[in-house]
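Work through the exercises below with the model open beside you. Try each task before reading its solution.

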Amino acid sequence: MPKLLTINQKEIPTINTTILYTSNFNYIKDAQEYIVNDCTVITKDTLKDLTLSPTLFKKFNCEYLINKEDLTLIDKIKINILNSLESSNKIYVFFNVLTYLDYEFKTNIINYLKENNKQIINYTTDIEETLLLEYLMVIQNNNIIMEGLKEDILKEEKILQKLGFNLPFIVELSLGLKYYNLVDNLYFNNESLVNSLWK
Amino acid sequence: MTILENKNMGVIYGLLGNLTLTTNSNDISLVSYYKFKDTVESYLESDKALKSLKMVFLDATYLSKTIKDLSESEIKKINLAKALIANKEIIVLDFFDKGLTNKEQKDYQRLFKKLAENYHKTIVIYTNDVTFFWNIATEIIYVDNQKVINTYSKNEDIPNINPPIKELINLMRSKNLKIDNYKDTKDLLKAIYRLKENENEISN
């Protein structure tokens, strides 16, 4: 896989990537490196001076946030993300923030960035989020344990288990259905699994 | 909030994602992403420091660490250790589950259950992840836009909250498949197997 950039000894590929990390990993150094490399970095940090785009807030059903007082953590994360969407940077990096958001909002953001040809890198401990992007890198203490297309890495149930991760629900279910000869493949979304079972 | 109904009322100044809890009681610890100064040992400031660290699945090596050595999740774990030392009746956890692996989530579920059952603590878990509390909560309070929408008992179905397993069940129902509610993947797997077996019997 061609290399996009190197972040603290990790070669980040030119494909949308989930970085699944164990809970003792401190991502601050990585965040600093991405900032140096002109990436848009989204964390839970306090909001800076904002120039809000009403069009984007409307597009993502967040108009209610524009004049809202007493912002919650989730509000702040949404504003941070929406406010960053007009950035000219090519690379967007999320540090354990998508996990706070509802599924609809986060998939809309991911789709929007993909449509606009942005490269997405998502740091998370949430195994379900590995289904959102194409490539998966698993790290422990800044060491890469394994990496590859998510379809290949999510077959490594035993290694993931050793690191403390389950399989995503739909992968675990399709693995069980495969064992009972009800399906032939692993599935990564509900629609394709149900369509395979009831053609 | 029914779970706090019999407690003294007042205010906790909230770090919570969507809600400000109100209570007068000093008998509450709030566990959040508080960035303490100095070392873990001086923050915990107790002869019970090591015991409480062990309860939150950390070891003695953490005593000499400072914020810059710690991950976001470890900071929350140390704040939980601090709350255990304070030994208050109510422990409120602010998105504690974020940043944990699945195995750690299970370990902490067991710890919270033990604190509630053996030490008579009231544990209030604030999260948007149903799977984290589904198996342990005795009461679920559904909050939206700073308002309590409803309260549910352990086995009640909660509308609008759809963990992955429920999303799939909803999809199957939309295709007129008869399927009950399940919370466990293995139970759903067995149900799908039975469904397919029945279909095969009918078609034969």
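Predicted model: local features only at pLDDT ≥ 70, side-chain atom pairs only at ≥ 80, totals over all residues.

**Exercise 1. Describe helix α4 of chain A and find which of its residues are buried and which are exposed.**

Solution. Start with the span. Helix α4 of chain A runs over residues 103–115, 13 residues in total. From first C-alpha to last, the helix reaches 18 Å, close to the 18 Å expected at 1.5 Å a residue. Then sort the residues. A:K106, A:I109 and A:I110 are buried. These residues lie on the same side of α4(A), because they cover an arc of only 95 degrees around the axis. On the other side, A:E104, A:N111 and A:E115 are exposed. What do the buried residues of α4(A) pack against? Their partners are α3 (73–84) and β6 (119–124) of chain A. Finish just past the helix: A:N117 has a positive phi of about 55 degrees.

**Exercise 2. State how chain A is divided into domains and describe the contact between them.**

Solution. First, the bounds. Domain 1 of chain A spans 3–166, and domain 2 spans 168–199. Second, the separation. The C-alpha centres of these two domains of chain A are 27 Å apart. Third, the contact. On the domain 1 side, 7 residues touch 6 residues of domain 2 in chain A. Sort the residues on that side of domain 1: 3 are nonpolar, 2 polar and 2 charged.

**Exercise 3. Count the helices and strands of chain B and give their order.**

Solution. Chain B holds 7 helices and 5 strands. Read from the N terminus, the order is β-α-α-α-β-α-β-α-β-β-α-α. Now turn to burial. Of the 204 residues in chain B, 27% are buried. Finally, consider the contacts of chain B between residues at least 6 apart in sequence. Of these, 56% join residues at least 24 apart.

How values were computed. Residues numbered from 1 in each chain as written. Chains lettered and ligands numbered in written order. Helix = DSSP H or I, 4+ residues; strand = E, 2+ residues; numbered from the N terminus. Expected span 1.5 Å × (residues − 1). Buried ≥ 20, exposed ≤ 12 C-beta atoms within 10 Å, placed from the backbone. Arc of directions from axis to C-beta. Contact = placed C-beta atoms within 7 Å. Domains from an automatic or database assignment. Nonpolar A, V, L, I, M, F, W, Y, C, P; charged D, E, K, R; others polar.
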